[in-house]
Amino acid sequence: MTSQPIITLQSKPSEIQGIKNLQNACQINNISKEEAQSEGFVTAMYSIDFLTYMNQCTPSIIALENEEVVGYALVCDKQTIGHHPLLDDLFHHVDQLNYN
């Protein structure tokens, strides 16, 4: 019987490294086309320094199995503007949306 992952907020430096390790492993250039289609993939890459900054601003949501990061959802707010061009562009486009 396998245990269910624990869903929690990132709180330890080792978890940031776990996010980075999973990010590298799931980067589109590091997996097969079949795996990309069935499991998904990552295109944006962030440095440990930037991941640390992001998590200081707003902790990421992580899934842990036996203390290992097996999934994550990065969370960022406008404090990260000016620190990464991809996120700058994302915030710019979101700010242009009209909400009902």
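Predicted model: local features only at pLDDT ≥ 70, side-chain atom pairs only at ≥ 80, totals over all residues.
User: Which residues of helix α3 are buried, and what puts them on the same side of the helix?

Analyst: In α3, which spans residues 48–57, the buried residues are Phe50, Leu51, Met54, Asn55 and Cys57. They cover an arc of only 155° around the axis, and therefore they sit on the same side of α3. Asp49 and Gln56, by contrast, are exposed on the other side of the helix. The buried residues of α3 pack against two helices, α1 (13–25) and α4 (85–96).

User: Why is Phe50 called buried?

Analyst: The relative accessibility of Phe50 is 8%, and the term buried applies under 20%, so Phe50 counts as buried. Tyr46 also has a relative accessibility of 8% and is counted as buried on that basis.

User: Why is Tyr53 called partly exposed?

Analyst: Buried would require a value under 20% and exposed a value over 50%; Tyr53 has a relative accessible area of 26%, and therefore it is classed as partly exposed, in between those limits.

User: What makes Tyr46 and Phe50 a tilted pair?

Analyst: A search of the whole structure finds two aromatic pairs, and in the one formed by Tyr46 and Phe50 the rings are 5.5 Å apart, centre to centre, with 40° between the planes. Centres must lie within 6.5 Å for a pair, while planes under 30 degrees apart would count as stacked and those over 60 as edge-to-face, so the pair of Tyr46 and Phe50 is tilted.

User: Why is the pair of Phe50 and Tyr53 called tilted?

Analyst: The ring centres of Phe50 and Tyr53 are 6.5 Å apart and their planes stand at 35°, which falls between the limits of 30 and 60 degrees, so this pair is tilted. Both residues belong to helix α3 and are three residues apart, about one turn of the helix. Together, Tyr46, Phe50 and Tyr53 form one aromatic cluster.

User: How do you know that His84 is buried, and which residues does His84 touch?

Analyst: His84 has a relative accessible area of 16%, and because the cut-off for buried is under 20%, this residue is buried. His84 is located in the loop between β3 (68–73) and α4. Leaving aside residues up to four places away in sequence, His84 touches Met45, Tyr46 and Phe50.

Note on methods: Residues numbered from 1 in each chain as written. Heavy atoms only, no water. Buried < 20%, exposed > 50% of the residue type's maximum accessible area, 1.4 Å probe, protein only. Helix = DSSP H or I, 4+ residues; strand = E, 2+ residues; numbered from the N terminus. Arc of directions from axis to C-beta. Contact = heavy atoms within 4.5 Å. Phe/Tyr/Trp six-rings, centres within 6.5 Å; stacked < 30°, edge-to-face > 60°.
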